Amino acid sequence: MISREPTIERLATARHLLLEPFGLDESHLMKALAEITARKVDDADLYFQYTRSEGWSLEEGIVKTGSFSIDQGVGVRAVSGEKTAFAYSDDISLASLLDAARTVRTIASAGATGKSRVGTKKIAGARALYNGLDPISSLDSASKVKLLERCEKMARAKDPRIVQVMAGLAAEYDVVMVARADGTIAADIRPLVRLSVTVIAEQKGRRETASAGGGGRFGMAFFTDEQVESYVHEAVHTALTNLDSRPAPAGEMTVVLGPGWPGILLHEAIGHGLEGDFNRKGSSAFSGRVGQRVAAKGVTVLDDGTIADRRGSLNVDDEGNATERTVLIEDGILRGYIQDSMNARLMGVAPTGNGRRESYAHVPMPRMTNTYMLGGNTPPEEIIASIDKGIYAANFAGGQVDITSGKFVFSAAQAFWVEKGKILYPVKGATIVGNGPDALTRVTMIGNDMKLDSGVGTCGKEGQSVPVGVGQPTLRIDGLTVGGTA
């Protein structure tokens, strides 16, 4: 059997699902773009999407909910200067396309003369970061139910103090196609799966809840017994450990962050502040600081949408640009921002492949993919041993950040009190309070254990949610404020 080049294969699938059933071909897309560019605009694109999604959840030993949905439609956008006109429809037809095109072209500058030209057709560059399989059909329904039941049995077998188990399984098959006014045609087939386990442990009337899970852009064969066991062990271990937790102390102290998911602090407190739109508007704490020192030496932060099979990775972004490995901070020096096409054009730089949207019903904006800090040379045990008095935050729950000031508040899902280099006991109710740009300058030790999260992250911005990844090594940060309950 002769296989086709990945980009050609993806385009063929996109045409089959998004154009052919509605009597469309690429000439019709060029016609719609020509309608938009009949007025003087800076940019225009069409974004077609077909999404099939499925979800299952188990509670109290039975599958309580199951869902399946199919959604499809097209978004039509025109950009003039800083202004964007956008229309979308779940009716994929030539009439709808042309009607939307005529509507959005009114964004053209008042009094502007002339028109733009639709570029010569060019297919976006090839990349194959993940298999274009349909994860929903990679496992039959009975096996999906058994997978959830296996999670519950494993969890309950670990300890009699586990009194309740909840498990969820989600899968998505997403096909997108982008046609741009510069002639670019791009397509992507994006599988996505996620398995989550939540347990409640009870001891002497006290209850603690903990969750774990993971996933990525692959099929459900990823969830082997060994993989499921790792999620269950993490959730059960965290819940049981927290049964013995004491109230967290409060005050300014040394904080050590664990590797992997605690990178969510990096994502929220620093990553959002490095997105192009906030910096173009001057509303980020990092605005106008390219080339300046913004972090301690040794701190290197990247956004990388090119890691194979990762939840935040994309072959092309939602504007048809290839994703990239973008260095944001290098050895403490700010090198650049995360860019979509519009903000890159207005800031006079190249796009970084970070134009993302939740669906065809949303406009793209600069968003993170997989954002992480590179590791250093220090063993994590040495970092913990360096603490005189402080908190070791092994894992995080949620958090919030103010982009303009950089101030953040995060709650620890699992944390420990450390004295004279020894972990003494788990603590409950610890919140980490600080300022993102300031916290970067307070990094004094960087572990050699950089780890990406297990594949569970979802990022919200301006009402839109997209899958992302985070990661970091063990980090020591001096002088952070810890809000506690002691």
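Phe 410 is buried in the predicted model, with a relative accessible area of 1%; here buried denotes under 20% relative accessible area, exposed over 50% and partly exposed the range in between, computed with a 1.4 Å probe on protein chains only. The model is a predicted one, in which local features need pLDDT of at least 70 and side-chain atom pairs count only at pLDDT 80 or more, whereas totals for chains, interfaces and linings use all residues. Residues are numbered from 1 along each chain as its sequence is written, and side-chain values use heavy atoms, with hydrogens and water left out.

Phe 396 is likewise assigned to the buried class, at 4% relative accessibility. The structure holds eight aromatic pairs, a pair being two rings of Phe, Tyr or Trp (its six-membered ring) whose centres lie within 6.5 Å, with planes under 30 degrees apart classed as stacked, over 60 as edge-to-face and the rest as tilted. One of these pairs is formed by Tyr 392 and Phe 416, which are stacked, at 6.2 Å centre to centre and 20° between the planes. This pair links distant parts of the chain, since Tyr 392 belongs to strand β16 (residues 389–401) and Phe 416 to strand β17 (residues 407–419), 24 residues apart. Helices (H or I, at least four residues) and strands (E, at least two) are DSSP runs, numbered from the N terminus. Tyr 392 is buried, with a relative accessible area of 14%, and for Phe 416, also buried, the value is 14%. Phe 396 and Phe 410 form a tilted pair, with 5.6 Å from centre to centre and 50° between the planes. Because Phe 396 lies in strand β16 and Phe 410 in strand β17, this pair ties together parts that are 14 residues apart in sequence. Elsewhere, one aromatic cluster is made up of Phe 218, Phe 222, Phe 223 and Tyr 231.

Aromatic rings also take part in contacts with charged groups. A charge is taken to sit over a ring if NZ of Lys or CZ of Arg is within 6 Å of the ring centre and within 35 degrees of the ring normal. The charged end of Arg 246 is placed over the ring of Tyr 425, 3.9 Å from its centre. Arg 357 lies over the face of Tyr 47, at 4.1 Å from the ring centre.

Side chains of opposite charge can pair when their charged atoms come close. The structure holds 32 salt bridges, each defined as a side-chain nitrogen of Lys or Arg within 4 Å of a carboxyl oxygen of Asp or Glu. Arg 105 and Glu 35 are joined by one of them, at 3.1 Å from N to O. The two partners come from distant parts of the chain, 70 residues apart: Arg 105 is in the loop between α3 (94–104) and β4 (122–123), and Glu 35 is in helix α2 (residues 26–36). With 17% relative accessibility, Arg 105 counts as buried. A salt bridge also connects the side chains of Glu 208 and Arg 206, at 3.2 Å from N to O. Glu 208 is buried at 4% relative accessibility, whereas Arg 206 is partly exposed at 27%. Salt bridges with shared partners join Asp 43, Asp 45, Arg 77, Arg 180, Glu 319 and Arg 357 into one network.

A further salt bridge, 3.1 Å from N to O, is formed by the side chains of Lys 64 and Glu 60. Lys 64 is partly exposed, at 43% relative accessibility, while Glu 60 is exposed, at 53%. Glu 60 is located in the loop between β1 (43–59) and β2 (62–80). Its phi is near 55°, a positive value in a residue other than glycine. Glu 462, which is not a glycine, has a positive phi of about 50°. Glu 462 occupies the loop between β22 (458–461) and β23 (464–467) and is exposed, with a relative accessible area of 59%.

Two packed helices are described by the angle between their axes and the distance between the axes. Helices α2 and α3 pack at an angle of about 20°, with their axes 8 Å apart; axes are lines fitted to C-alpha atoms, for helices over the stretch in contact, and angles run from 0 to 180 degrees between N-to-C directions. The two helices α2 and α3 are therefore roughly parallel to each other, a class that covers angles under 35 degrees, with over 145 counted as roughly antiparallel, 65 to 115 as roughly perpendicular and the rest as oblique. In helix α6 (residues 263–271), nine of the nine residues are buried, so this helix is largely enclosed by the rest of the structure.
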